[in-house]
Structures are given as structure tokens and as C-alpha cells.
Amino acid sequence: MERKSINFGYAIVQDRQIDFDANKHEICRAVAVAEPTLNLCISCGTCAATCSAGLFTDFSLRKVILLLKRGETEGLLKEVSKCMLCGKCQLVCPRNVSTRNLVIQISKALINGKP
Ligand code: SF4
Ligand code: SF4
């Protein structure tokens with residue numbers, strides 16, 4: 001007798017495993033040289049919670065920094081261009097990350113290949 005499979009509404013999702021070694025890390029290294037406070041970020045998300053651009057878009061500096069550190073830089077320039085450089089995040093960052101300059105250096109590095 002043929003068995004009919006029941007559709008529960010689930011589907012196999014794309015693997016989101018990160019192959020850290022396969023990613024490009026030059027951009028992150030270059031940004032860390034230009035703005036060493038990048039290394040102080042603990043991904044707490046306080047910057048994203050107070051972000052002016054985040055009020056109008058899905059922009060998150062925390063996400064940008066995480067993607068940069070993972071070497072997942074595809075589409076990152078479009079993402080950082082949403083930042084208005086208002087500096088609010090710099091006032092609230094518990095680790096004193098120089099966030100404004102960080103955004104500038106990330107943009108420079110992505111455009112020129114190095115800051
Ligand atoms: S507030 Fe500072 S430490 Fe927290 S995620 Fe943003 S940059 Fe990193
Ligand atoms: S400087 Fe950019 S990331 Fe920071 S609060 Fe302003 S818009 Fe958001």
C-alpha cells in the first residue's frame with residue numbers, strides 16, 4: 001500500500017553554517033588598523049537600539065560589525081551607506097568604540113580595498 005506523506009508546512013532551509021576560513025578577512029584587518037576600537041566591540045547592540053537610521057530603515061551597526069568580523073562583506077557597502085553619521089551610537093557605546101569613524105573606515109575600506 002502506498003504511503004502518503006503528510007504536509008506539515010515545514011521545508012528544508014538553506015544551510016547558514018559560516019565557513020569562517022573561506023571568507024575574506026582583509027577588509028576587517030584593514031579597518032582594525034585604521035580604527036583599533038573595532039576590537040573592543042562586544043556586540044551588545046546598544047548602538048543599534050539608539051540608532052537614528054534604525055528608526056527609518058533596518059540598519060544595525062551591530063550587524064555590520066558582526067558581518068565585517070566574519071568576513072561577509074558582500075552588500076555591506078550598501079548597508080553602511082544607511083548610516084547618517086549622527087554620532088548617537090558613540091555616546092551610548094559601553095565600550096567606547098569610535099563608531100562614527102568606524103563607519104567611515106568601513107566605507108573607505110570597502111570602496112578602496114583599504115582604508
Ligand atoms: S554599542 Fe559599542 S560595543 Fe555595543 S555593539 Fe555597538 S559598537 Fe559594539
Ligand atoms: S552614527 Fe550611524 S550608526 Fe550611529 S546612531 Fe547615527 S545613524 Fe546610527
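Author: The helix that gives the most to the shell around ligand 2 is H7, with three residues. Helices here are DSSP runs of H or I with at least four residues, strands are runs of E with at least two, and both are numbered from the N terminus. This is a predicted model, in which local features need pLDDT of at least 70 and side-chain atom pairs count only at pLDDT 80 or more, while totals for chains, interfaces and linings use all residues. Residues are numbered from 1 along each chain as its sequence is written, and chains are lettered from A and ligands numbered from 1 in the order in which they are written.

The shell around ligand 2 consists of 15 residues, and the closest of them are Cys 51, Ala 53, Cys 83, Cys 86 and Cys 89; a residue is counted as near a molecule if its C-beta atom, placed from the backbone, lies within 6 Å of it. Besides H7 (99-112), helices H3 (52-56) and H6 (88-92) each supply at least two residues of this shell. Sorted by class, the shell around ligand 2 holds 10 nonpolar, three polar and two charged residues, where Ala, Val, Leu, Ile, Met, Phe, Trp, Tyr, Cys and Pro count as nonpolar, Asp, Glu, Lys and Arg as charged, and the others, Gly among them, as polar.

Ligand 1 is likewise surrounded by 15 residues, with Cys 41, Cys 44, Thr 46, Cys 47 and Cys 93 the closest. The elements that give two or more residues to that shell are helix H2 (46-50) and helix H4 (61-70), and H4 provides the largest share, three residues. By class, nine residues of the shell around ligand 1 are nonpolar, four are polar and two are charged.

From the ligands we can turn to the packing of the helices. The buried residues of H4 are Leu 61, Val 64, Ile 65 and Leu 68, and because they cover an arc of only 95 degrees around the axis, they lie on the same side of H4. A residue is buried if 20 or more other C-beta atoms lie within 10 Å of its own, exposed if 12 or fewer do, and partly exposed in between, with C-beta atoms placed from the backbone; the arc is that of the directions from the helix axis to the C-beta atoms. An α-helix has 3.6 residues a turn, so residues three or four places apart point the same way. What covers the buried residues of H4 includes H1, H2, helix H5 (76-80), H6 and H7. After H4 comes Gly 71, whose phi is positive, near 80 degrees.

Helix H1 (residues 26-34) has Ile 27, Cys 28 and Val 31 as its buried residues, and these too cover an arc of only 95 degrees around the axis, which puts them on the same side of H1. Among what covers them are H4 and H7.

Leu 68, which lies in H4, is buried, with 24 other C-beta atoms within 10 Å. Leaving aside its neighbours within four places in sequence, Leu 68 is in contact with Ile 27, Cys 28, Val 31, Thr 73, Leu 76 and Ile 106, two residues being in contact if their C-beta atoms, placed from the backbone, lie within 7 Å. The C-alpha atoms of Leu 68 and Cys 28 are separated by 5.7 Å, although the two residues are 40 apart along the chain. On H7, Ala 109 is buried as well, with 25 other C-beta atoms within 10 Å, and its C-alpha is 8.5 Å from that of Cys 28, a residue 81 positions away in sequence. Ile 27, with neighbours within four places left aside, is in contact with Leu 68, Thr 73, Ala 109 and Leu 110.
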